[in-house]
Amino acid sequence: LFRSHDFAVLRREVTDEPAALNAIAAIDVAAFRFYHRRLQRKRLEGIEHIFPASLPAARNAYGADTVAADFWQWYQPSATASAPEVPAIVAAAWTRFTGRLSHLGPLDWLGDLSRYEVMRWRAISATGSPPQPHQEVTGKPVLAEGTEVDMFRLDAPALLRTALEGDPVPSWVTTRLIAWRLPIGGIRIARLGAAVYEGVLACDGSRTIHEAAAQVAAARPEFTVRLAGALEDLVRAGILRIPAGSAISSEQQDSGIVQPADGA
């Protein structure tokens with residue numbers, strides 16, 4: 001129970017009063033360790049609804065007690081975080097932890113799996129109204145609230161499905177995904193091509209659709225119009241949105257062909 005470097009603390013803080021010495025002598029070390037292991041596992045169960053596949057996979061590979069002990073030794077939660085913030089904070093820590101496990105053992109796909117699980121959870125649990133279709137596409141778009149986009153080294157949806165079936169099968173092909181909430185509930189996930197994925201990332205509120213498309217297609221400008229059309233479709237679907245105040249007129253958007261009225 002007490003490691004060698006703890007004796008200095010004992011000498012400083014524990015008196016030689018019989019009651020104190022008897023209390024120390026009466027400690028059931030085995031029971032204490034059992035309770036500690038159970039508490040660590042219980043704390044980790046708090047994020048099991050977020051990670052229904054990666055958490056069981058890690059337990060099966062390394063043991064429930066070992067995974068819980070290693071995680072809580074590696075990650076020390078903040079004492080100042082409020083209760084509603086804790087799940088998201090611990091979930092982010094778990095994705096980093098599984099990334100480390102991916103490099104240490106046979107589950108080299110575990111980090112990608114946990115990132116995909118948390119991507120789905122963030123989309124499902126986002127607050128506010130789900131994306132709503134609209135027609136306005138002139139402005140500087142951003143991701144709609146609850147929309148998540150990420151890239152994986154493997155086919156993450158297929159891995160999640162096989163992992164939930166108890167036999168995870170990683171297919172090592174780069175996969176770019178976007179997830180968004182549906183007005184009727186639940187989420188939808190779509191695969192993106194490399195150019196559209198980069199175009200979505202470029203829609204950060206600082207560029208118009210055509211500026212984002214031109215930046216991504218700089219090496220092959222002939223694809224700018226096609227990429228801009230794909231991004232406009234995402235705006236019309238509500239997956240990308242135009243923030244209030246960022247809409248611009250067609251004259252502003254196409255200022256290169258607008259001539260001053262006075263001919264100056």
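**Exercise 1.** In this predicted model, how do helix 5 (residues 64-74) and helix 6 (residues 86-104) cross, and within what distance do their axes come?

*Solution.*
Step 1. The axes of helix 5 and helix 6 come within 11 Å and cross at roughly 110 degrees.
Step 2. Angles of 65 to 115 degrees count as roughly perpendicular, so helix 5 is roughly perpendicular to helix 6.
Step 3. The crossing of these two helices is right-handed.

**Exercise 2.** Which residues of helix 5 and helix 6 meet, and how do they divide by class?

*Solution.*
Step 1. Helix 5 brings Val67, Asp70, Phe71, Trp72 and Trp74 to the contact; helix 6 brings Val90, Ala93, Trp94, Arg96, Phe97 and Arg100.
Step 2. Sorted by class, the contact of helix 5 with helix 6 holds 8 nonpolar, no polar and 3 charged residues.

**Exercise 3.** Describe the packing of helix 9 (residues 194-202) against helix 11 (residues 224-236).

*Solution.*
Step 1. The axes lie 10 Å apart, and the angle is about 60 degrees. That makes helix 9 oblique to helix 11.
Step 2. Helix 9 and helix 11 have a right-handed crossing.
Step 3. From helix 9, Ala195, Val196, Gly199 and Val200 meet Leu227, Ala230, Leu231 and Leu234 of helix 11. This contact has 7 nonpolar, 1 polar and no charged residues.

**Exercise 4.** What lines the second largest pocket, and how much space lies in the pocket?

*Solution.*
Step 1. The lining consists of Ala195, Val216, Ala217, Ala219, Arg220, Phe223, Arg226 and Leu227.
Step 2. By class, the lining has 6 nonpolar, no polar and 2 charged residues.
Step 3. The space in the second largest pocket is about 170 Å³.
Step 4. Ala195 and Leu227 of this lining also take part in the contact of helix 9 with helix 11.

Note on methods. Residues numbered from 1 in each chain as written. Predicted model: local features only at pLDDT ≥ 70, side-chain atom pairs only at ≥ 80, totals over all residues. Heavy atoms only, no water. Axes fitted to C-alpha atoms, helices over the stretch in contact; angles between N-to-C directions. Helix = DSSP H or I, 4+ residues; strand = E, 2+ residues; numbered from the N terminus. Parallel < 35°, antiparallel > 145°, perpendicular 65-115°, else oblique. Left-handed = near helix turned anticlockwise from the far one by under 90°. Contact = heavy atoms within 4.5 Å. Nonpolar A, V, L, I, M, F, W, Y, C, P; charged D, E, K, R; others polar. 1 Å grid on protein atoms, 1.4 Å probe; cavity = no way out; pocket = protein on both sides within 12 Å on 5 of 7 lines; lining within 4 Å. Points joined across faces, edges and corners; volume = space filled by probe spheres on them.
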